[in-house]
Every structure is written in C-alpha cells, then in structure tokens.
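This briefing goes through a few helices and a few single residues by topic. The sequence and structure come first.

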Amino acid sequence: MADSSTHGSRLGRFVETPVAGEFVRAFVPPPLPPVPPIDVLSLLNRLSVAERALGRLDGIIMLLPRQELFLYMYIRKEAVLSSQIEGTQSTLSDLLRFETEAQAGAPIDDIREVSNYVDAMMFGLERLAELPLSLRLIREMHARLLRGGRGGSKSPGEFRRTQNWIGGSRPGNAIFVPPPITELDAALAALEAFMHEEQSKLPALIKAGLLHVQFETIHPFLDGNGRIGRLLVTLYLCVQDVLRKPLLYLSLYLKTRRADYYRLLQEVRERGAWEAWLEFFLDGVAEIANQAFDAATRIVDLFRQDRERITVESERAGSALRIHDLMQQHPYVTSNQLVERTGLSPPTVNAALLDLQRLGIVEEVTGRRRGRVFGYRRYLAILSEGTDPLPAP
C-alpha cells in the first residue's frame, strides 16, 4: 500500500450512492495531472525507447508505396482486436469477408460491432480537421460505435444518466464503481481541460497514458468505454503530432496482457500508482510500434516478391499483375468484383485466378462452385497475426 502522506492527493474519494436498492461506494478520481507530479525521470529510458520506435514506424510508413493501404488494413486489425477485448468472436477474415459481401463465419452482430468501430475511428480522425479533441467529438464517435446491433439500446452518443459498475453481478459486489451521476460532469470537464493544458509540460506519450486511465475510471458511457478509451490514445497522439498517421493501437498488447492491464488500472485508483501504469503503457507503445514496423516491412517484401514471381512464372502476367494489384487493396474478392474493378473480361479474370492459385499466391476460401471468394493468402496471414479470438473466460 502506498504511503498516503506521499500519495494522499493522488487518491480519489468515495461517494456513497444509492443504486438498485443498495448503497455503494462510487469512486471519484482527482483531476489530472497527478499531485505529487509524475516522476518523469524514472520513466525517461522507457519514454525514449517508445519515442524511437514510433519515429521508426512513422519513417517506414512515409516510404511505403501505398500508405493508405497499410492504414486501411491496420485500422481494421485494430477494430477486430479492440472488439475482441469486449467479447466479440470476429476475426479479421470475418470482417474483410463481410466487407466483400462474402459469406461470413462469425455472428453478424459481432461483425457489425467491429465494422462500427472502423467507422467511429475513421470519423474521429476526419472530424479532427474541424473539431478539437473534446467531449463533443468523443460523444459523436460513440454514437457511430454503438449504431445498430447490440449497442443501440445503450444510449449511443450520450453520457450515462444512471450508475454503472465494472465486474460483479450487481453494484454491491462490483470490482469497481465509477463516479456517480452527480460527479460525472465535473470529472469530464476536468478531463477535457487536461487534454488542452500545457502548464504541466508532460511529454505527449505520458499525457496519452494518463488520459486513457482517467477516461476508463470515469467510465462515462453505458457501453463502449473500453473501445473509445483505447481510441483516445491514438487520437491524442495524432493531435499532438507525435504520429503523422494513426498507426498506434494498443489493443493487441492489452489483449495479451489483460490481467496486468486491469490490475494496474486498479492500482492507480486504489494507490495512485501512476508510474507503474506508465511503465507498462510505454513498454506497450514500443512493442506495438515495433510490431507494426515489422509487419509493414514484411508486407512490402511480400508484394515485391509476388510481383516478381508473377512476372517470371505466370502464363498471363499482364492480367495476373492487375489482379495482384487489386488484391493488395482487397485481400478478399469475388471474380465478379475483379471483372468490375479491373475491366478485364470474365474468362480472362478466371484464367488469371487459376494461374495465381497455381503459384500459391491466391486461394479460393469458400469451397463453393458459385459465388466463390478468393483470398490473398500470405498477405492475410501477416495481417491476421494475433487476431484469433480470445478463449471464453
């Protein structure tokens, strides 16, 4: 237990609040930045490793022949991972095939949730051109995240007007009870003020880590808090020009370390242990940035190798290269879509697809005679790393 004389003002306060016929102790966090201040000196090594990894990722993205393509796929990977943390069973293949209007293996509600996450993320990034990072922007993104499907009844786009809780079957046995309604507006106003303050002089990566925990602790929505809280990190780093492209997503790191993640969130709330959380957070930033750098490098190599193989070994190199080019943007396609998008005739497309299958570049994924769907096998394998659904708890 932290010495309260050292960390007393880092500790929040509890408010007795009635919920569903019982009184519970709801937690109200102190406003950011923490007092006593964050010990940035103890974090400097980790901070510089994380910043270097982000700089390297930013650098290779600028060299990619198709930045937008990598971004398009990476955002979809993040959407799948972030939704899996919340319990969906969709895979990246499910989402991409859903978007191709192909047969999907996962429950349609699951895929719609992931698809909504992509939409909310893209919307938020585009809105930053005309709206500052703010509570209003967060609410607008939330409305898109919960549109339709299972979230439709959970007040999309609205901060909660009832008490919520985390863990447990009722408020009385919950692991954590966020601030009561009477304290919510003040806590959110302080959070928004911290997004824009400059007096603390804290590095942007550290501020992003603080904002994430504070948002999760306030838990202002009835549903979707985790997904919006993870998005907040990337949006903040884009606003601060730490990232030129929105390519840092922590969901894979948090998915594989869920127990540590939840424990550290609780330790901030119970003991004001911000530095331990920030060590974990900065390690995650470095690890995920390095993984993204590695994936980008391997994808560029794969496209180059396959292009060379098609040029040398294909009997229909011209049409096969056009299909290969298109499948970099749409790793799942039907032959009808290829006809439509390449302008090639159906017999030419089918002959080129057979050739690409023979070379092991493309595979048919449905096993059907009609309405067949073709996948860019090795490209999908790189993209899908780490995206198998979590086992049920």
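**Helix α15**

The 13 residues of helix α15 (residues 346-358) should span 18 Å at 1.5 Å a residue, and the end C-alpha atoms of α15 are 18 Å apart, which agrees. The expected span is 1.5 Å times one less than the number of residues in the helix. Helices (H or I, at least four residues) and strands (E, at least two) are DSSP runs, numbered from the N terminus.

This is a predicted model, in which local features need pLDDT of at least 70 and side-chain atom pairs count only at pLDDT 80 or more, while totals for chains, interfaces and linings use all residues. Residues are numbered from 1 along each chain as its sequence is written, and side-chain values use heavy atoms, with hydrogens and water left out.

- V349, A351, A352, L353, D355 and L356 of α15 are buried; buried means under 20% relative accessible area, exposed over 50%, and partly exposed in between (1.4 Å probe, protein chains only).
- The cover over the buried residues of α15 includes the helices α12 (274-313), α13 (317-329) and α14 (335-342), as well as the strands β4 (362-364) and β5 (373-376).

**Packing of α13 on α15**

- The axes of α13 and α15 cross at roughly 80° and come within 9 Å, which makes α13 roughly perpendicular to α15.
- Axes are lines fitted to C-alpha atoms, for helices over the stretch in contact, and angles run from 0 to 180 degrees between N-to-C directions.
- Angles under 35 degrees count as roughly parallel, over 145 as roughly antiparallel, 65 to 115 as roughly perpendicular and the rest as oblique.
- On the α13 side S319, A320 and I323 take part, meeting T348, V349, A352, L353 and L356 of α15; contact means heavy atoms within 4.5 Å.
- Sorted by class, the contact of α13 with α15 has six nonpolar, two polar and no charged residues.
- Here Ala, Val, Leu, Ile, Met, Phe, Trp, Tyr, Cys and Pro count as nonpolar, Asp, Glu, Lys and Arg as charged, and the others, Gly among them, as polar.

**Helices α7 and α8**

- Helix α7 (residues 181-196) packs against helix α8 (residues 204-218) at an angle of about 170°, the axes being 11 Å apart, so α7 is roughly antiparallel to α8.
- From α7, the residues L184, A187, L188, L191, F194 and M195 meet K207, L210, L211, Q214, F215 and I218 of α8.
- Ten nonpolar residues, one polar and one charged make up the contact of α7 with α8.
- In α8, 15 of the 15 residues are buried, so α8 is largely enclosed by the rest of the structure.
- With 15 residues at 1.5 Å a residue, α8 should span 21 Å, and its end C-alpha atoms are 21 Å apart, which agrees.

**H219**

- H219 lies in the loop between α8 and α9 (225-239), and just after α8 this residue takes a positive phi of about 50°.
- UniProt lists H219 for "active site" in an unreviewed entry; such annotations may be inferred rather than shown by experiment.
- H219 is buried, at a relative accessible area of 15%.
- Neighbours within four places in sequence aside, H219 is in contact with R160, N164, I166, P178 and N225.

- S251, in helix α10 (residues 251-256), is buried, with a relative accessible area of 0%.
- Not counting residues up to four places away in sequence, S251 touches E78, L81, S82, I85 and R230.
- M122, in helix α5 (residues 108-127), is partly exposed, with a relative accessible area of 28%.
- M122 and F176 are 54 residues apart in sequence and 31 Å apart in space, C-alpha to C-alpha.
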